[in-house]
Amino acid sequence: MERSLMAAAAAHAALAEPWNWLLAPLSGAIEHHIADWTAWHARLMVLGWGVLLPLGALAARFFKIVPGQNWPEQLDNKAWWHAHRAMQYAGVLAMTLGLWLAWGLGTRHGAAAQVHAWLGWGLCIAGWAQVAGGMLRGGKGGPTDVRLRGDHYDMTRWRIGFERAHKSLGWLAIALSVMTIVLGLAIADAPRWMAVVLALWWCAFAVVFAVFQRRGRCIDTYQAIWGPSGAHPGNRQPAVGWGVRRYTPAAWRARFGPP
Ligand code: HEM
Ligand code: HEM
């Protein structure tokens, strides 16, 4: 009886081992204390830059036409637009609150803390600039608007500049946020499970991105809104950005089938 109890205790300890490892801080220290402001700074920043902003960018890239939509009969599906704006506003709000909590409380002890603070400030400026850029993107125009003339329908230099700047700054900032969050976890000596969960999440994000990209789901915004006809001025110019696809109705049906 006693033997079996001891065996059960040993099995329990072995099973508990991975949990102990995951619950311990990254440095392996026994004790871990962080200030309340740091914990909330970290939660809000991970919510903003770790979750909402990348998901909102993914929605903008791959859901201009949603699966099953009868394109080009059904144009201008605004699902991506509402998702993008809701997630980007919420993400930038979380980021701003997170910054407000950390502002002036950092010690800047060590290279990691310094780099984290510099990158962190850079990301906050980038986040606000993305919102400002989005608001200043110009008019829409086209047959779906009250006025035919507009920056987007005409693909003016202003609109082309917006698309180039907004897409590249957005994805660059999302990539840099991975580094900033990792540095944050290191300086706060966060529990290991947080790093493990985030690493799995970023891998899953990269896989989903690659799958959508290979399936050809990153469709030119212009075509998604006004269709593929050469009568529209923007279709006579190259699409803006890396890996953006254009389709004829036949090529679309061949790839995605009838709805
Ligand atoms: C709330 C204000 C915002 C507005 C109105 C807005 C608007 C837009 C629009 C119109 C597009 C489509 C561009 C195109 O395909 O031609 C877009 C794409 C994108 N936005 Fe925003 N945006 C906002 C905030 C943000 C923020 C804060 C980020 C931060 C990361 C961001 C990141 C992106 C990215 C990465 C793309 C490109 C997706 C792709 O690869 O196609 N946006 N946004
Ligand atoms: C992309 C997400 C993040 C951004 C944009 C960001 C931004 C910042 C900024 C701008 C500062 C400096 C504030 C000042 O000027 O005093 C800072 C400090 C700090 N952050 Fe973050 N942060 C992020 C994520 C995290 C995470 C996930 C953690 C912890 C798990 C963290 C922990 C800290 C700590 C401990 C400090 C103080 C560093 C010191 O002692 O100098 N941050 N952060």
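So, the residues in the shell around ligand 1: they split into 9 nonpolar, 8 polar and 6 charged. Keep in mind that this is a predicted model, so everything I say here is computed from it.

Who gets nearest? Of the 23 residues around ligand 1, that would be Arg 61, His 84, Glu 163, His 166 and Thr 221. Two of those names come back when we go down to individual atoms.

Take Thr 221. An N or O atom in its side chain is 2.5 Å from an oxygen atom of ligand 1.

Okay, where does ligand 1 sit? In the second largest pocket. As for which elements build the shell, the ones giving two or more residues are four helices: α2, running 36-62, α3 at 79-102, α4 at 110-135 and α6 at 157-188.

Now, one residue I'd like you to look at on the screen: Asp 76. You'll find Asp 76 in the loop between α2 and α3. Buried or exposed, that Asp 76? Its relative accessible area is 15%, and because the cut-off for buried is under 20%, Asp 76 counts as buried. What is it in contact with, once we leave aside neighbours within four places in sequence? Asp 76 touches Lys 140, Thr 144, Ala 224 and Ile 225.

That's my tour, thanks.

How values were computed: Residues numbered from 1 in each chain as written. Chains lettered and ligands numbered in written order. Predicted model: local features only at pLDDT ≥ 70, side-chain atom pairs only at ≥ 80, totals over all residues. Heavy atoms only, no water. Near = heavy atom within 4 Å. Polar contact = N/O pair within 3.5 Å; in protein donor to acceptor, adjacent residues only side chain to side chain. 1 Å grid on protein atoms, 1.4 Å probe; cavity = no way out; pocket = protein on both sides within 12 Å on 5 of 7 lines; lining within 4 Å. Sits in = over half its atoms within 2 Å of the grid points. Nonpolar A, V, L, I, M, F, W, Y, C, P; charged D, E, K, R; others polar. Buried < 20%, exposed > 50% of the residue type's maximum accessible area, 1.4 Å probe, protein only. Contact = heavy atoms within 4.5 Å.
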